[in-house]
Amino acid sequence: MTEKKNPCACACAAGHDPSRRSMMAGALALAALAPLAGSRDASAQEGGARSTKPEPGDKLAFMMGDRKDKEITPADLVVGGEPTLAYPMDPATGKVLSSRANLLTVVRLKPEAIGEKSKPNAAEGVVAFSAMCTHYGCPITTLHPTGTQIVCNCHGSVFDAANRGVVTTGPATRRLAMLPLEIKDGAIVVAGKFDGPLGPPQ
Ligand code: FES
């Protein structure tokens with residue numbers, strides 16, 4: 001088996017001139033990667049009462065910023081706003097499930113803009129995807145000018161947030177996994193498992 005080559009020398013380790021955006025995306029990628037081992041250990045110490053992956057009923061928490069680890073409400077997300085990076089949060093304990101595999105990119109779209117196949121996974125226009133780009137794993141952080149697509153700034157892959165995260169512009173070739181959401185008692189909650197594989201093909 002031949003190993004996939006990664007030609008870039010910038011922070012995301014992937015093959016382009018390191019612009020400010022891509023440098024920021026690379027830093028975010030490293031930040032998302034760091035907690036992976038710690039979150040597994042913590043879960044094991046707690047007796048493994050739950051999976052370290054998102055589970056139905058989990059809420060969403062901000063990954064960073066002034067409200068880091070605080071719950072994201074529908075009012076926090078506006079149509080046309082930049083994607084919000086988030087982690088699932090156990091509602092019983094308040095524990096944020098911070099790991100690279102759990103990092104989400106969340107956007108709010110006009111409900112009427114969401115395709116039929118994505119509608120069952122959307123909650124009042126809010127949709128969530130794995131934030132790990134399926135090219136080389138950088139986080140998806142930017143809204144495309146179309147307002148319904150989201151962009152990985154490392155190499156410009158574009159994914160359709162209104163249509164199951166399918167690739168509209170490469171170099172990525174695999175769609176983003178979508179995490180089903182619903183609104184319960186006014187809160188955004190996880191409604192199921194990721195609907196596909198996470199990150200780059202192995
Ligand atoms: S990591 Fe290359 S386009 Fe996202």
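Reader: Before we start, how are the residues numbered, and what does a prediction require for a feature to count?

Author: Residues are numbered from 1 along each chain as its sequence is written. As the model is predicted, local features need pLDDT of at least 70, side-chain atom pairs count only at pLDDT 80 or more, and totals for chains, interfaces and linings use all residues.

Reader: Thanks! Why is Arg-164 called buried?

Author: Arg-164 has 20 C-beta neighbours inside 10 Å. A residue is buried if 20 or more other C-beta atoms lie within 10 Å of its own, exposed if 12 or fewer, and partly exposed in between, with C-beta atoms placed from the backbone. Therefore Arg-164 counts as buried.

Reader: And why does Asp-69 count as partly exposed?

Author: Asp-69 has 15 C-beta neighbours inside 10 Å, so it falls in between and counts as partly exposed. Asp-69 also has a positive phi of about 70 degrees although it is not a glycine.

Reader: What makes E10 and E11 paired strands?

Author: Strands (E) are DSSP runs of at least two residues, numbered from the N terminus. Two of them pair if DSSP finds at least two bridges between them. Four bridges join E10 (residues 181–184) to E11 (residues 187–190), so these antiparallel strands pair. One of the bridge partners is Ala-187 in E11, facing Lys-184.

Reader: What lies between E10 and E11?

Author: The two strands form a hairpin with two residues between them, and Asp-185 in the turn has a positive phi of about 50 degrees.
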